[in-house]
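Here is a walk through a structure, one step at a time. Keep the 3D view open as you read.

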Amino acid sequence: MRRNLGLRIGLVIVVIAVSLWYLYPPRSSINLGLDLQGGIHLVLGVDVDKALEAQVERAGDTVRGELEKKGIAVSKIERRGISDLAIQIASPQSWDSALTTATEVLGAFDRKEADQAAGRIVMTLKPREATQIRELAVRQGLETIRNRVDQFGVAEPSIQQQGENRILVQLPGVQDPARAKALIGKTALLEFKLVDDKVDPESAVRSGVPDGDEILYQRRVDKETHQERKVPFVVQKKAYVTGRDVATARVSIDQNTSEPYVSVDFNAAGGKAFSDLTDANVGRRLAIVLDGNIHSAPQIRERIPSGRAQITGGFTSAEATDLAIVLRAGALPAPVQVLEERTVGPSLGADSVRQGIIAILASTALVFVFMMAYYRLSGLIADVALGLNLLLLLATMAGFHATLTLPGIAGIALTIGMAVDTNILIFERIREELRGGKTIRGAIEAGFSRAFKTVVDTHVTVLVSGLILFQFGTGPVKGFAVTLMIGIAASLFTAVFFTRLLFDLLYMGPLKRESLSI
Amino acid sequence: MVELFRNPNFDFIGRRRWAYIISVLFILAGFGSMVAKGGLRYGIDFSGGTLIQVRFEKPVPVDRIRRALETVRMGESVIQEFGDTREYLLRLPAAEAASEEVTKQALAALAKEPELGTPEVRRVEYVGPQVGRDLQIQAIYAALWSVAGILAYIAIRFDMLGGMASVAAIVHDVLICLSAMSLTNREMSLPILAALLTIIGYSVNDTIVAYDRVRENRTKGARRKGESFATQINNAINQTLSRTVLTAVTVFFTTAVLYLFGGKVLEDMAFVLTIGVVTGTFSTVYIAGSLIVDWQGWRERWMARRKKAVAKA
């Protein structure tokens, strides 16, 4: 041990240098958690069953088209439950060809029931396909949200999958949480549907709609009373053009009313579909539907060949901007629901940082003074080691890009109290050996080696609880586990290796002090 | 040399009955208060719900806020002063509506009262019922794994008996902390859970130091002839006493400072850590060692009785 003095000093210098290097520049090297810098933490649940239902319904539309192409009369095709599709054919004569067509078209389905007498075929989505659709819905949802957040402009957002069908979104430093939440959580399914003018909406609300139609509502806010009113419309279920056909969208200002609106450019296929639709239906009304709500239902005056549409509807400029963003980024494949939200305002975060720093400084000062008062020069050595421990703790966090949270600050404070424990163990042991009549050098030697086993044991137990906390904890609590574990691990180096080095230098090396101040 | 204890020789084990009584009384008081209050209070982390922290421009009495919330039928919200009379925590009653709707309604109701001024929303937390349930399950797993991990480690490093006694001490410490929380009206939350798990690690720490000493004394042959098991444990506890107390003092300093200056958000966590340091030290000195002694005593008596029974037969 004594001979390697130079090597050990070298190692300590290297460790200090590397730590400082990681910590430079000091402001940007440590990530602050959302609870310290302010921001939003959202856990979104993806309603994957909705994605399955949509997929099954699309398959239903396809099979209806194929059957009709072959001249097979279909009386009804409907989704049953989440993943079953029931096909009811009109005449038993076409049974065989209906069955063959259904099996061919619905390759992703298994046949569940085929009742020739009743003319009913029930197909069910293959479990493997269903799993794939679910996974895809979450993955696409994640990508879409990432796109939206990127366009919204948030510095260092974190968007990741959590568990099977949850998405964790963390947006640091967002000023308007409600707006960000609306932007992220909106499904943003844009559909253009024809209004069925033959049916009176008021009577349809009472007595139901014809097959193939549905009732959707437009929300109108009275400018005088601010009362919201829902106006029903009867529209065709079929969407001729959807958000998938959108190439880009942007905010424009109406020259006359100076109200903002969103201008949508379709891609080639969408432009043609839109042109055909408007050509064939001049004079009818076209409902612009977003997430099942009608935004407006203007009359088609003439064919629109430009492949461009306008969505108006009394937007504020922020609303128009956000709508353009979600239309550009595309719709979520399945609706999402906020399962957990934690929003911290920037002022609270700043207060927490200030109080946290005060608490850490005050506890460090107390422990410093206490150790020096009790152990004199040895206490000072322990204090220097404690300082090195804090340096290592912060540098390791910077090196691993770990996030410092408010409970993490508590972890640092606790580390200060617990890290000196190792030195207390060693020092008490040295004192005991001195009382037992050993020489200074003998007592130091014995103190360090005897205490070492106990030190390892105590470290392991804290690390065990830290690891378990890290494994099961979320966000801020994880931050606590991280600082606690790093602090404890670092104390093995600082309180054992480093203090031993200082003792050797003072009492065994060239200085050869003859009185032990402990 | 400053010394806390010079060759301490307290008869800890001999006075263990008193320690048991104190612990049991405290835990009974805590559980009594839990029963009186209808169980331990759970924060929104575990029970789900919406929590809003608002800061008003000037001091505001609680009943003004309650009256404002009553207009949107949230009169039974828990309204709690947070730091000073300008800042409040509002825990809104669970509702069918989505979190943003509930939050929006509550804030709109507050904004309508001209006397309240414009409140600044400092924090919003919403935990859905699903997530709350998940967190509950995770918490139970975390606690069980911690105890299992420590039991396994001590059983391997020392023996099963020591492991069981350590776990008993852990349970004791956690019960004391829970009792203290109930007596001071604090809620169970995620940071509190973290504090409890840390206490588990800390408390075992102390116990290990004492066990290490028992074993070292045995191998050194320091055991004088006829020295009882109780004496061995008592000696080890005395020999490591200054270290136990010194470490407790430094950790106590830091958690107490955290409690006093760390801010309102960390206050509950710091409180539990502080209680934990005290009870962790107490349980090392009194519970972990004493239980082994009693256990040994019971076993010896039981063996003796069985021997007698065998002899009679």
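Begin with two strands of chain B: strand β1 (residues 49–55) and strand β3 (residues 84–92) pair in the antiparallel sense, with 6 bridges between them. Val54(B) has Tyr88(B) in β3(B) as its bridge partner. Keep in mind throughout that this is a predicted model.

Now widen the view. β1(B) and β3(B) belong to an open sheet of 8 strands. Its order is β7(A)-β8(A)-β2(A)-β18(A)-β4(B)-β1(B)-β3(B)-β2(B), and the pairing is antiparallel. On average, neighbouring strands here are turned by 20 degrees against each other, direction ignored.

Where do the chains join within the sheet? Look at strand β18 (residues 336–344) of chain A. 5 bridges link β18(A) to β4(B), and the two run antiparallel. Find Thr343(A) and look across: Val124(B) in β4(B) stands opposite.

Chain B gives 57 residues and chain A gives 56. On the side of chain B that touches chain A, the elements giving two or more residues are α4 (99–112), β4 (120–127), α5, α7 (190–220), α9 (241–261) and α10 (264–312). Which of them gives the largest share? It is α9(B), with 13 residues. By class, this side of chain B has 32 nonpolar, 17 polar and 8 charged residues.

Step back to chain B as a whole. How many helices and strands does chain B have? The count is 10 helices and 4 strands. From the N terminus on, its elements run α-α-β-α-β-β-α-β-α-α-α-α-α-α. The radius of gyration of chain B is 25 Å, whereas the globule rule gives 20 Å for 313 residues, so chain B is more spread out than a compact globule. Along the principal axes, its C-alpha trace spans about 85 × 60 × 30 Å.

Chain B is divided into two parts. Domain 1 covers 13–40 + 132–312, and domain 2 covers 49–127. Taken over C-alpha atoms, the centres of these domains of chain B are separated by 41 Å.

Helix α5 (residues 129–157) and helix α6 (residues 160–183) of chain B have axes that come within 7 Å and cross at roughly 150 degrees. The crossing of α5(B) and α6(B) is right-handed. From α5(B) come Val147(B), Ile150(B), Leu151(B), Ile154(B) and Ala155(B). They meet Met160(B), Gly162(B), Gly163(B), Ser166(B), Val167(B) and Ile170(B) in α6(B). The residues of this contact divide into 8 nonpolar, 3 polar and no charged.

Turn to chain A. It has 14 helices and 19 strands. Its radius of gyration is 35 Å, while a compact globule of 518 residues would have one near 24 Å. The C-alpha atoms of chain A fill a box of roughly 110 × 60 × 40 Å along the principal axes. Its domains are domain 1 (2–38 + 345–508), domain 2 (49–129) and domain 3 (186–342). The C-alpha centres of domain 2 and domain 3 of chain A lie 30 Å apart.

Chain A has a helix pair to look at as well. Helix α6 (residues 127–152) and helix α7 (residues 177–185) of chain A pack at about 145 degrees, with axes 9 Å apart. The crossing of α6(A) and α7(A) is right-handed. Ile145(A), Arg148(A), Val149(A) and Phe152(A) of α6(A) make the contact with Ala180(A), Leu183(A) and Ile184(A) of α7(A). This contact has 6 nonpolar, no polar and 1 charged residues.

End at another sheet of chain A. Here 6 strands form an open sheet with mixed pairing, in the order β11-β10-β16-β15-β9-β12. At the edges stand β11 (228–236) and β12 (241–242) of chain A; each has a single partner strand, so one side of each lacks a neighbour in the sheet. Strand β9 (residues 190–194) of chain A pairs with β12(A) in the antiparallel sense over 2 bridges. There, Phe192(A) stands opposite Val241(A) in β12(A).

Conventions:
Residues are numbered from 1 along each chain as its sequence is written. Chains are lettered from A and ligands numbered from 1 in the order in which they are written. This is a predicted model: local features need pLDDT of at least 70, side-chain atom pairs count only at pLDDT 80 or more; totals for chains, interfaces and linings use all residues. Axes are lines fitted to C-alpha atoms, for helices over the stretch in contact, and angles run from 0 to 180 degrees between N-to-C directions. A crossing is left-handed if the near helix is turned anticlockwise from the far one by less than a right angle, and right-handed if clockwise. Two residues are in contact if their C-beta atoms, placed from the backbone, lie within 7 Å. Ala, Val, Leu, Ile, Met, Phe, Trp, Tyr, Cys and Pro count as nonpolar, Asp, Glu, Lys and Arg as charged, and the others, Gly among them, as polar. Two strands pair if DSSP finds at least two bridges between them. Domain bounds come from an automatic or database domain assignment. The radius of gyration is taken over C-alpha atoms; the globule rule is 2.2 Å times the number of residues to the power 0.38.
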